[in-house]
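Hi,

Here is the structure I promised to pass on. Have a look first, and my notes follow below.

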Amino acid sequence: MRLLAVLLTACCVLAEGVDDRRSTQYVSRRKNRHQEYRHHRRRSLKGIVKNDTPTPAPMFDFSRAIVVPPPVAAPSSSPSLSSIGIRRLIASVAIWGGLEFIWGPGYQSKALWYLENVLSPVSSEEYVIYYVLACIYYASTGVRNGKTDSMIPVDPKSLEGWLSSDNWVTDSDKCTWYGITCNAANQVIGIDLPDNQMLGLFAPETQLLGDTLEVLDLSGNLFLSTEYDNGNSWMAKMTQLRKLLVAETSFGYNGIPVYFNGMVALEELDISNTFFTGGPIRGEAFEGLTNLRYLDMSCNVYTSTVPSIITNLPNLEYFYLENVEFAGVTQSLNFLVDMPSIKECWVDKTLFEGGIPSELGTMTTLTSFSASDCGLYGPLPSGLGNMQAMNRIWLYENELTGSIPTELSNLQQLKFLSVEGNRLTGEFPDEVCSVESLQSIGADCDSGSDNFVVCPCCTCCGVAECKG
């Protein structure tokens, strides 16, 4: 087995005690990237929370990168641009004005070499596109960075390249390259490279595709990094991007970077389990993102609470804030009440102040709510029975007290109800047991438990049994 694959597996081990009971109800997120919006979350994303502010990685030393130049193609008899012409063209669009080709044998120089020596003549517009793609490849193929240096203390020659790189940096049509999707005009609209062992820097030259690129999926590339403002500012230029998925990468910043607000077409954003951590959730980062429907900010540390600009997003339907630490601030669940279109909200293993807001009962759109192991205390509000659209409730392993409210029987679409591992007592209402849609009910109905609930209709009793 490849060295890096072993290390990636070790780095993504689940946190002790993470419950995977929903695995039979929800299919793995990444196995279903074709679905427009996900109605599930993969439990393994709860694996690693960055519990401290990451030390900024040192600047990359691209001279140490492993690059095996592809075979040189035969020169064309009638090139559209001379070598000098290609250099002038690329220098005119290069993000550092051409200085990057003077600084040394960096990934940009390797990309330029590819244009001059491998690629058959193409139009000026196409040269720029191929340059961007070559930059992405050379910047992330076996290149050491601060994360690899701290986690893989081996000689750089032992770092391997991408798991799949079919046709990349060859003379073949870019639209046949692995993970690339083009439109009818031969423009690149999708880059889909999840779990592909990309190591190094994600090339900010991607901003040159800002007018066409719609989907960028880099999730699961643990050692793929961005650095500071220079490494993240390209996002502000991605005006057509609808999906940005970078979960479980080393994309990093001091909290949430403001550059998100340039992605005005964004519908889906997954930054869970990254190094966008150790700083505030900057509200201005979400200004103008009125199309955003899916947001996952799980498995990070934030030094501010959820800003109102997020809760007021008009089309946000799926919001995940699992296994999050709010450092130096207290966060309650009251933010949820202000979300006008929310359908699913999962906040498991995130510590909240207080209990379940009674105002939650006024929400008419919420269908799936999970807040297990969140330190919630107090009663189950009877107003929860007013949430007519609700079909899934997970509240296990909290400090909830009192009895099960009879009003939950009004939830005629309810399929899953999990309240075990609390301090609830009394009898489970017959009216709730009679809800025909219920498929799974969990409570502390084991007579040997300290807090005993009489529940003849429960499908499992206690945390241990319900986890099984």
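Helix H3 (residues 107-117) and helix H4 (residues 124-139) pack at about 135 degrees with axes 8 Å apart, so H3 and H4 are oblique to each other. (Helices are DSSP runs of H or I with at least four residues, strands are E runs of at least two, both numbered from the N terminus; axes are lines fitted to C-alpha atoms, for helices over the stretch in contact, and angles run from 0 to 180 degrees between N-to-C directions.)

Before going on: this is a predicted model, where local features need pLDDT of at least 70 and side-chain atom pairs count only at pLDDT 80 or more, while totals for chains, interfaces and linings use all residues. Residues are numbered from 1 along each chain as its sequence is written, and side-chain values use heavy atoms, without hydrogens and water.

Now the cysteines. Counting sulfur pairs within 2.5 Å as disulfides, there are 5. One of them joins cysteine 433 to cysteine 457, S to S 2.0 Å. Cysteine 433 sits in helix H8 (residues 430-433) and cysteine 457 in the loop between strands E23 (453-454) and E24 (460-461), so this pair ties together parts 24 residues apart in sequence.

Cysteine 455 and cysteine 458 also form a disulfide, and both are buried (under 20% relative accessible area; exposed is over 50%, partly exposed in between, with a 1.4 Å probe and protein chains only). Cysteine 345 is buried too, at 0%.

Cheers

Note on methods:
Parallel < 35°, antiparallel > 145°, perpendicular 65-115°, else oblique.
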